[in-house]
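I am keeping these notes while looking up a structure that is new to me. The entries follow the order in which I checked things.

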Amino acid sequence: MNLEIPKTQWIGTKDGFYSYESYPPSLYLITASFGIFASNIFSFTLLAKIVSLIFSLLTLAVSAIYSLKMKNHYVIALVALIPLEWFESLPRFNNDIVVAFFASLVFLVALKEINTKNVIILALFTSFALLSNYNALVLALVTLFYIKNNSKNRKLVIMFIAIVALLAGPWYLRNLLLY
């Protein structure tokens with residue numbers, strides 16, 4: 001019996017939605033969670049598009065709060081471009097919107113004082129972003145350096161690394177060992 005997982009395995013559904021198996025799982029898990037309640041109403045593909053649109057709207061809201069706190073007209077002008085994500089999110093299932101949402105939450109929390117509670121929140125949001133898209137590795141490094149440079153307490157840096165490694169690490173370790 002061959003128990004090896006093929007490296008080119010595609011996961012598909014009966015309504016034509018396909019995904020590569022090594023892609024980060026968070027948007028699929030979120031969509032599946034919504035599907036528990038709405039699977040009789042929507043197909044998985046349509047539900048995935050709806051979830052992407054919801055995250056696009058949430059990103060717009062968080063970014064607007066961020067720009068109002070910054071009181072910077074340039075940030076507000078950039079936030080005005082976020083509705084372009086809606087056109088990106090409508091036709092297809094898009095993990096980039098989910099990572100943008102979690103990145104905007106990271107930036108919003110980073111405006112506050114660096115203490116134990118905020119480092120835990122930063123680590124959670126960074127982990128969720130890492131489980132949304134591989135590009136979030138850049139966000140994780142930037143957040144790590146931000147905590148390191150703005151905190152005199154090195155335990156906070158170690159706590160951030162430990163939480164991110166605990167939450168997002170198993171997925172990356174699995175792909176490293178499998179591929």
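Does threonine 126 count as buried or exposed? I looked up threonine 126 and found 0% relative accessibility, so this residue counts as buried. Buried means under 20% relative accessible area, exposed over 50%, and partly exposed in between, with a 1.4 Å probe and protein chains only.

A note on the source: this is a predicted model, in which local features need pLDDT of at least 70 and side-chain atom pairs count only at pLDDT 80 or more, while totals for chains, interfaces and linings use all residues. Residues are numbered from 1 along each chain as its sequence is written, and side-chain values use heavy atoms, with hydrogens and water left out.

Entry: I found threonine 126 in helix H6; helices (H or I, at least four residues) are DSSP runs, numbered from the N terminus. I listed its contacts (heavy atoms within 4.5 Å), leaving out residues up to four places away in sequence: Val106, Ala140, Thr143, Phe160 and Val164. With the same exclusion, leucine 122 touches Val106, Val109, Ala110, Ile114, Thr143, Ile147 and Phe160.

Entry: the core. I looked up the largest nonpolar core, which has 35 residues. Such a core is a set of buried Ala, Val, Leu, Ile, Met, Phe, Trp, Tyr and Cys residues joined through side-chain atoms within 4.5 Å. Phe55, Leu122, Leu130, Ile147 and Phe160 have the most contacts inside this core. Helices H2 (44-70), H5 (95-110), H6, H7, H8 (154-167) and H9 each supply at least two of its residues. H5 gives the most, with 11 residues.

Entry: helix H9, residues 169-178. I noted Trp171, Tyr172 and Asn175 as buried. Seen down the axis, the buried residues of H9 fall within an arc of 95° (taken from the directions from the helix axis to the C-beta atoms), so they line one face of the helix. The face turned away from that side carries the exposed Leu176 and Leu177. Helices H6 (116-130) and H7 (136-150) are among what covers the buried residues of H9.

Entry: rings. I searched the whole structure and found 4 aromatic pairs. Rings of Phe, Tyr and Trp (its six-membered ring) pair if their centres lie within 6.5 Å; planes under 30 degrees apart count as stacked, over 60 as edge-to-face and the rest as tilted. The rings of tyrosine 134 and tyrosine 172 have centres 5.5 Å apart and planes at 75°, so this pair is edge-to-face. Ring pairs also link Phe101, Phe102, Phe125 and Phe128 into a cluster.
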